[in-house]
Amino acid sequence: MKKWIFTTLFLVMLTLFLAKNKNSDIMQSSNLTVTSGELKHLDLYSPEMNETIKVDVWTPDGYNKGVKYPVIYMHDGQNLFDANSTWNHQAWEIDSVMGKLLDADSIKPAIVVGVYSVDTTRLSDLMPEKPLKYLTTDSVKTFIDSYMCKGLYRADEYLAFIVNTLRPIINENYSTDTTMQATSIMGSSMGGLISIYGMCEYPQIFGSAGCLSTHWSGAINRNEDFPGAMRRYLIESLPRTGEHRLYMDCGDKTIDSVYIPYFHAMNALADSLGYKGDRLMTPFFPGHAHEERAWASRVAEPLKFLLKK
């Protein structure tokens, strides 16, 4: 009996050790070029998604372990820092923009965590799942058959990875302000959609969301059911604590032109749900297309909103 107990305890401890050390020694120097701050790279195993996710972590110049830093979690991390490494030779230039804002004393110093996406699963990972309950059976089938990657929805697993696996490791390895008010989530297009969804699903974690050129139409085939479903979901789920903050913007060129009526409707909805004053920012950018070059040219605005001094 004692031998059985000892063996069981040993196996439990071994399992916990292996799980912990599967993500140990993961901080690596990045091979990307940044103009300010320091960039580290992680190859992080996600038990929620059962695969390894690439992550970049940017810290500002003068990073000091004695200071607690706000954290912004961003999607499509491969497009954030170095245009020489991206498929279209464009990037958000987060390092450059953050550096200029910090030099001008316009924002709080912060850590930026960029979670890479993968072309083959990106739509499945960033498409909000809960709003689908408001769609008809035929609409759901259309999404699964013609839009989702291999018929899979993984947004809930993706967010669980950020919250339950990635965030604890960031908090363990960096000096972070772990409060809800200091933790943001931000992205563009589908990344904007998953950001507002993430704040709704984890209101105790994310105090603000930055949503640029949000893909409100929800499907390449512009299925009109999804904006209505997302609206009903937000009415039910958008946090009403009086503390959460929301940034939403839109351009009017290329695919952004499709979003304009939804953009205005969602802005009005947020306002009607209590997001007013300094809790809501909804700028419109004429002439801006749906691309990293445009987001880089205006990302200072959401950064100043999310990292307000």
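**Rings, charges and buried side chains**

User: In this predicted model, what is the distance from the charged end of Arg245 to the centre of the Phe305 ring it sits over?

Analyst: The model is a predicted one. A charge has to be within 6 Å of the ring centre to count as sitting over it. Arg245 puts its charged end over the ring of Phe305, and the distance to the ring centre is 4.0 Å.

User: Is the pair of Tyr73 and Phe206 stacked, tilted or edge-to-face, and why?

Analyst: The ring centres of Tyr73 and Phe206 are 6.3 Å apart, and the planes meet at 75°. Planes over 60 degrees apart count as edge-to-face. With that angle, the pair is therefore edge-to-face.

User: How many residues apart in the chain are those two?

Analyst: Tyr73 belongs to strand β4 (residues 71-74), whereas Phe206 is in the loop between α6 and β7 (208-212). Both residues are buried. The pair links distant parts of the chain, with a separation of 133 residues.

User: What kind of aromatic pair do Tyr247 and Phe305 make?

Analyst: Their rings are 6.2 Å apart centre to centre, and the angle between the planes is 50°. Stacked needs under 30 degrees and edge-to-face needs over 60. That leaves the pair of Tyr247 and Phe305 as tilted.

User: Moving on to Ser195, which side chain does it make a polar contact with?

Analyst: Ser195 is in helix α6 (residues 190-201), and its relative accessible area is 0%, so it is buried. Leaving aside neighbours within four places in sequence, its contacts include Ile185, Met186 and Cys211. The polar contact, at 3.1 Å, joins the side chain of Ser195 to that of His75.

User: Gln90 is in a loop, so to speak; which backbone nitrogen does its side chain reach at 2.7 Å?

Analyst: The loop with Gln90 is the one between β4 and α2 (94-103), and at 9% relative accessibility Gln90 counts as buried. Its side chain reaches the backbone nitrogen of Glu292 at 3.4 Å. The 2.7 Å reach is to the backbone nitrogen of Arg293.

User: Where does pLDDT stay under 50?

Analyst: Across the chain the average pLDDT is 89, and 88% of the residues score at least 70. Where pLDDT is low, the predicted coordinates should not be read in detail. One such stretch has zero contacts beyond four places in sequence, and its pLDDT stays under 50: residues 5-21.

User: What share of the chain is buried?

Analyst: The chain has 10 helices and 11 strands. Of the contacts between residues at least 6 apart in sequence, 74% join residues at least 24 apart. Among its 309 residues, the buried share is 56%.

Terms used: Residues are numbered from 1 along each chain as its sequence is written. This is a predicted model: local features need pLDDT of at least 70, side-chain atom pairs count only at pLDDT 80 or more; totals for chains, interfaces and linings use all residues. Side-chain values use heavy atoms; hydrogens and water are left out. pLDDT is the predictor's confidence in each residue, from 0 to 100. Contact means heavy atoms within 4.5 Å. Helices (H or I, at least four residues) and strands (E, at least two) are DSSP runs, numbered from the N terminus. Buried means under 20% relative accessible area, exposed over 50%, partly exposed in between (1.4 Å probe, protein chains only). A polar contact is a pair of N or O atoms within 3.5 Å; within protein, one must be able to donate a hydrogen and the other to accept it, and residues adjacent in sequence count only if both atoms are side-chain atoms. Rings of Phe, Tyr and Trp (its six-membered ring) pair if their centres lie within 6.5 Å; planes under 30 degrees apart count as stacked, over 60 as edge-to-face and the rest as tilted. A charge sits over a ring if NZ of Lys or CZ of Arg is within 6 Å of the ring centre and within 35 degrees of the ring normal.
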